[in-house]
Amino acid sequence: KLHILGGEVAESAQKCTHLIASKVKRTVKFLMAVSKVKHIVTPEWLEECFKCEKFIDEQNYLLRDAEAEVLFSFSLEESLRRAHVSLLFKAKYFYITPGICPSLSAMKAIGKCAGGEVLSKQLSIRKLMEHKQDKSLSEIILIACENDLHLCQEYFARGI
């Protein structure tokens, strides 16, 4: 139906304008799309477009998933609005521990889509303290999983 209407499936989130979803999902594709797409619409939008034989206004078909928004403590509408104003992770650096799930490559893709930079190696305590104390420096965010907490003990001991 999409091809008949003249659309195409995007090869990457960077080229995507619409995400069609029936509910909010914490998948890599969904999380990347939130930073890039103009509209997250329900499958009914595509059905209605097909009936009308053209792409129609998305407003009546925007995805609403109150249950997921409560569960994940966020507003999809607000997240999309903020992403359109400025990349969500612009000027933020991430250090991601190796055991993280989803995979390190997936987390890098999500962060980069939202304007973040993923650091390739663990930073020294001195460097992290410098960024923590000097608000003019970019924020560094540590993402770890339970199995990697031993890698972060020195950070925790210093209040990072």
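Partly exposed here means a relative accessible area between the buried limit, under 20%, and the exposed one, over 50%. Keep that in mind for the views below, which come from a predicted model.

**View 1. Arg81 and Glu78 pair up in helix H4.** Glu78 sits at 33% relative accessibility, so it counts as partly exposed.

**View 2. Helix H1 packs against helix H4.** H1 covers residues 28–36 and H4 residues 76–85; their axes are 7 Å apart and cross at about 55°. That angle makes H1 oblique to H4. On the H1 side you'll find Phe30, Val34 and Ser35, meeting Leu76, Ser79, Leu80 and Ala83 of H4. Sorted by class, this contact has five nonpolar residues, two polar ones and no charged ones.

View 3. Lys51 is exposed at 63% relative accessible area, whereas Glu48 is partly exposed at 25%.

**View 4. A salt-bridge network links Arg126, Lys127 and Glu130.** Zoom in on Glu130 and Arg126: their closest N and O atoms are 3.8 Å apart. Both lie in helix H6 (residues 125–133), four residues apart, about one turn. Arg126 is exposed, at 62%, while Glu130 is partly exposed, at 33%. Across the structure there are seven salt bridges.

Key:
Residues numbered from 1 in each chain as written. Predicted model: local features only at pLDDT ≥ 70, side-chain atom pairs only at ≥ 80, totals over all residues. Heavy atoms only, no water. Axes fitted to C-alpha atoms, helices over the stretch in contact; angles between N-to-C directions. Helix = DSSP H or I, 4+ residues; strand = E, 2+ residues; numbered from the N terminus. Parallel < 35°, antiparallel > 145°, perpendicular 65-115°, else oblique. Contact = heavy atoms within 4.5 Å. Nonpolar A, V, L, I, M, F, W, Y, C, P; charged D, E, K, R; others polar. Salt bridge = Lys/Arg side-chain N within 4 Å of Asp/Glu carboxyl O. Buried < 20%, exposed > 50% of the residue type's maximum accessible area, 1.4 Å probe, protein only.
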